[in-house]
Amino acid sequence: MRVLLVTPPMTQLNTPYPATAYLIGFLRMHAAELGLVVTQADASLGLFLRLYSAPLVERMAAELGRRASTTARGVTAPPPIAHFLAHAERYVDTVEPAIRFLQRRDPSLALRIVGRAFLPEGPRFAHLTPPPTAELATIDEQLFSAFGTLGTTEQARYLASLYVDDLADVWRDGIDPRFELARYGERLAASAASFEPLRSALEGEPTLVDATLDELTREHVAAHEPDVVAVTAPFPGNVYGAFRIARTVRAAAPKATLVLGGGWVNTELRSLREPRVFDYFDYVTLDDGERPLLNLLARLRGKRAPLVRTYVRKRGEVALETDATQHDIPQRDTGIPTYDGLHLAHYVSVMEMLNPMHRLWSDGRWNKVTLAHGCYWKKCTFCDVSLDYIGRYDRPAADVVMQRIRALIAETGETGFHLVDEAAPPAAMRALAKRLLAEKLSITWWGNIRFEKTFTPELCRLLADAGCVAVSGGLEVASDRLLDLMKKGVTVEQVARVTRAFTDAGVMVHAYLMYGFPTETVQDTVDALERVRQLFAAGCIQSAYWHRFAATAHSPIGLHPEHYGITLRAPRDVTFAHNDIEFDDPVGTDHDFLGTGLRKALYNYMHGVGLDADVRAWFEPRAGARRGARQRRRRGTKLAAVPATTVPPDLIERYLA
Ligand code: SF4
């Protein structure tokens, strides 16, 4: 029986999403006993490379050109499309060389790209030319000069990445509004209570992007001749692609069995009642795929095996079949991941941010490895702690991790590793570091942690000596009152010390931040930004990102909103996806307004700009106060849109002392 595991579009471009690599490693351990031939395909990278090929760019130009010729006089195309049409031939000529360069297969092209006459430069390049203006808010003009006369390759990769973004804008604005580089049709799936919008999109007139994915899918079916196609949907931005692939497989290979699983399914489809999902898939599995898939494949081979956490359609209704006696596969027995079947040399490294920590996500290929399943803390009140992927903690021995690392190096020839843990346990990191040093195995690695006090300066140095180059972790709301309410188990003081210890050891630090938490006031947010400013200024963190808080169905806050002072709005009739829940917070803070200022501040801090400015400077005066603001400007005074911080200016320095 031939089994094909597929990653649908779109995921990151620089490295394969690990789900199929993990599953194939496991299933191949059972291949002989069940008579399986298991292969994998990355339709996300496949679609990207097809859309960024000369023939497809030419087809896009022809379609947009046709449309432009029938557009009413006086109607102008959006800037990305107008620029593309004016330089279509150059885009067709340069797209394949540019992608080859970003795949690191043609490094000499860097010299031509930095000459600025080779690639057409659309709206995404606009920030490279204007002279510096505002004191604080714009720093893009400084970025380009950061390269100086050195770093030609890096400079060229930055320019080629802007070129890729320009073309992505044209695909999205001109051909298919669902298409983005890292997501495809995301809005059709994220917390989508009804299946209808997704189904209408699937059954509607296909766009050129759709038709390209359909063609690619048919090619995979022809090449692999699968009896079973298992598609993973890790994020909402993969779901439309997953269903589209299933639709095409159904038509091209009607006898093939179709299975859907993955992170989005595990989180959002826990109350699935929509039978039409099974027009596309035969089975939908929940949580870790190893056990449900193994049992399902055994059944398909005619063996007696119960279904585990698997939705099926029975007499026109959705039924969840499971057998409680069947246990999940322990982490020590899940096998060795393998990228066999994927074209590793074809992954594309883009560089959209010059911040070195941000580049880890989009630049370069990383082998993926996990130190432990789930989270050892599992208490944060905003997190899906009631779900298996967080709540079931299972840590294999360091031997097992070392064996996987060695196998992946042998297979790929690459020694970069991303630990894809929810929160890597400090004990496991210490054990790994000691083994790497004892066995003189030189690798480069990074991953997500909790900023807890176990990370002493001594441990941070040990990790750095063993190849750890970066960590990310949650500082969240950067307020001790709110950190306590969210049961994060850390304080701002502790985060300051731990992050400084990592930085002192030469390990970069990225902080996940959150705003809009229940009961959070404007003052809380302004003070949080001040603490973050001081952490950047003190060199504790080098990178960060503000997430807007969302109440999710499977978090303690979603399950018991009354404990957090909020009221959930009555849920709509959910038959399909369910995750984010709208809520009312009586505090009534305008988080939309604050979010803009927070993002602007961070963007600048990450580039070392505005670190000594008053944090109020990042928040624009509110619309209603603009007239007053103009008068104040005339008088030489500035309107403060937010209150001054109440945080002492040396708070973080004191913590560190
Ligand atoms: S937010 Fe992170 S540390 Fe907290 S429970 Fe979730 S995975 Fe664990």
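**Entry 1**

In which order do the strands of the open sheet of 7 strands run, and with what pairing? I read the order as 2-1-3-4-5-6-7, with mixed pairing. I note at the outset that this is a predicted model, in which local features need pLDDT of at least 70, side-chain atom pairs count only at pLDDT 80 or more, and totals for chains, interfaces and linings use all residues. Residues are numbered from 1 along each chain as its sequence is written, and side-chain values use heavy atoms, with hydrogens and water left out.

For the element names I rely on DSSP runs numbered from the N terminus: helices are H or I with at least four residues, and strands are E with at least two. Two strands pair if DSSP finds at least two bridges between them.

I then followed strand 5 (residues 283–285), which pairs with strand 6 (residues 310–314) in the antiparallel sense over 2 bridges. Within strand 5 and strand 6, threonine 285 stands opposite threonine 310. Helix 12 (residues 239–252) packs on the sheet and touches strand 1 (2–7), strand 3 (228–232) and strand 4 (257–261); contact means heavy atoms within 4.5 Å. The direction of helix 12 makes about 175° with that of strand 4. Axes here are lines fitted to C-alpha atoms, for helices over the stretch in contact, and angles run from 0 to 180 degrees between N-to-C directions.

**Entry 1: two backbone details**

Most residues other than glycine have a negative phi, and most peptide bonds are trans. I found the peptide bond from proline 9 to methionine 10 to be cis, with omega near -5°. Methionine 10 is in the loop between strand 1 and helix 1 (19–27). Aspartate 287 has a positive phi, near 65°, and is placed in the loop between strand 5 and helix 14 (290–300).

**Entry 2: helix pairs**

At what angle do the axes of helix 4 (residues 54–70) and helix 6 (residues 88–102) cross? I find roughly 160°, with the axes coming within 8 Å. That makes helix 4 roughly antiparallel to helix 6; angles under 35 degrees count as roughly parallel, over 145 as roughly antiparallel, 65 to 115 as roughly perpendicular and the rest as oblique. The contact joins Ala54, Pro55, Val57, Glu58 and Ala61 of helix 4 to Ala88, Tyr91, Val92, Val95 and Glu96 of helix 6. By class I count 8 nonpolar, no polar and 2 charged residues in this contact. Here Ala, Val, Leu, Ile, Met, Phe, Trp, Tyr, Cys and Pro count as nonpolar, Asp, Glu, Lys and Arg as charged, and the others, Gly among them, as polar.

The axes of helix 5 (residues 79–86) and helix 9 (residues 152–175) come within 9 Å and cross at roughly 110°. That makes helix 5 roughly perpendicular to helix 9. I see Pro80, Ile81 and Phe84 in helix 5 meeting Leu167, Asp169, Val170, Asp173 and Gly174 in helix 9. These divide into 5 nonpolar, 1 polar and 2 charged residues.

The open sheet of 6 strands has the order 8-9-10-11-12-13, with parallel pairing. Strand 8 (367–369) and strand 13 (543–548) are the edge strands, each pairing on one side only. The twist averages 20° from one strand to the next. Strand 8 runs parallel to strand 9 (residues 416–419), joined by 3 bridges. Helix 17 (residues 398–412) lies across strand 8 and strand 9, at about 165° to strand 8.

**Entry 3: the ligand**

Which residues surround the ligand? I list Cys375, Trp377, Lys378, Lys379, Cys380, Phe382, Cys383, Val385, Ile390, Glu422, Arg450 and Lys488, where near means that a heavy atom of the residue lies within 4 Å. By class, this shell has 7 nonpolar, no polar and 5 charged residues.
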